[in-house]
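Good morning, everyone. Please look at the sequence and the model on the screen. I will keep this short.

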Amino acid sequence: MHSAPVEGFDLIGPQGDSEAAAKYFGASATAGPHGDISDDDHIDTYEDDDADETVVERLAGLTEMLPDAVRSTISSTFSFSWKATKSLFGWGRVAIWVVVSSATILALPVMFESERMQMEEQQIQQQRQILLGPNVAMSGHLSSGMSHVPMAPLPQVHPK
């Protein structure tokens with residue numbers, strides 16, 4: 001008789017193979033009537049023997065798999081990337097500071113002056129409205145009361 005597959009493994013052979021699989025997986029399994037491991041028993045497929053090993057130690061162990069040339073290339077690439085990122089960040093901060101401070105120094109006086117001119121224009125319009133009435137203030141120019149007098153047309157000059 002052949003035993004059934006156990007957790008992705010095909011166990012082909014006599015009934016004693018289930019005990020070998022149980023020994024391999026670290027579980028104490030009892031063979032069922034057909035020579036396979038019973039469902040009641042749990043097979044521990046992953047024993048964590050390296051629980052005290054840190055991630056850094058594991059990465060250091062993985063570096064031993066790569067040749068020295070590959071490791072030095074990876075190291076220099078990472079080092080260059082890190083230095084370039086730090087440098088770009090520093091230059092970016094300086095550039096932003098220069099742009100913002102220059103814009104503040106150059107643009108704020110212009111904004112304040114235009115605001116002051118608008119306020120003066122509003123004050124002049126309010127004074128016109130108070131002195132001459134709402135129709136004159138809205139026209140935007142001060143007239144001497146002769147707006148109803150027609151003006152003579154300008155002479156036209158014809159080119160020769």
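Which residues form a nonpolar patch on the surface? They are Val-55, Leu-59, Leu-62, Met-65, Leu-66, Val-70 and Ile-74, with about 670 Å² of accessible area together. Patch members have over 30% relative accessible area and no salt bridge; like charges are joined within 9 Å, and nonpolar side chains (Val, Leu, Ile, Met, Phe, Trp, Tyr) within 5 Å. Areas come from the Shrake-Rupley method with a 1.4 Å probe, and for residues only the protein chains shown count as cover.

First, some ground rules. This is a predicted model: local features need pLDDT of at least 70, side-chain atom pairs count only at pLDDT 80 or more, and totals for chains, interfaces and linings use all residues. Residues are numbered from 1 along each chain as its sequence is written, and side-chain values use heavy atoms, with hydrogens and water left out.

Now the overall layout. The chain has four helices and zero strands. Its pattern along the sequence is α-α-α-α. Helices (H or I, at least four residues) and strands (E, at least two) are DSSP runs, numbered from the N terminus.

How much of the chain is buried? Of its 160 residues, 10% count as buried. Buried means under 20% relative accessible area, exposed means over 50%, and partly exposed lies in between (1.4 Å probe, protein chains only). The chain exposes about 14,200 Å², with carbon and sulfur atoms supplying 64% of that.

Next, contacts, meaning heavy atoms within 4.5 Å. Take those between residues at least 6 apart in sequence: 12% of them join residues at least 24 apart.

Back to the patch. Helices α2 (55-63) and α3 each supply at least two of its residues. The largest share, three residues, comes from α2. Leu-62 is found in that helix, α2. At 47% relative accessibility, Leu-62 counts as partly exposed.

On to charges. Side chains of opposite charge can pair when their charged atoms come close. How many salt bridges does the structure hold? It holds four. A salt bridge here is a side-chain nitrogen of Lys or Arg within 4 Å of a carboxyl oxygen of Asp or Glu.

Start with Asp-68 and Arg-71. Their side chains meet in a salt bridge at 2.1 Å, N to O. Both residues lie in helix α3 (residues 68-132), three residues apart, about one turn of the helix. Asp-68 counts as exposed at 55% relative accessibility. Arg-71 counts as partly exposed at 31%.

Now move along α3 to Arg-116. Its side chain meets Glu-113 in a salt bridge at 2.2 Å, N to O. Why are Glu-120 and Arg-116 separated by about one helical turn? Because they are four residues apart in helix α3. Salt bridges that share partners join Glu-113, Arg-116 and Glu-120 into one network. Each member is partly exposed: Arg-116 at 40%, Glu-113 at 34% and Glu-120 at 37%.

Last, confidence. pLDDT is the predictor's confidence in each residue, from 0 to 100. The chain's mean is 74, and 54% of its residues reach 70 or more. Where is confidence lowest, and where is it highest? It is lowest in helix α1 (residues 17-25), at a mean of 57, and highest in α3, at 94. Over residues 8-15 the pLDDT is below 50; beyond near neighbours in sequence, this stretch has 16 contacts in the model. Where pLDDT is low, the predicted coordinates should not be read in detail.
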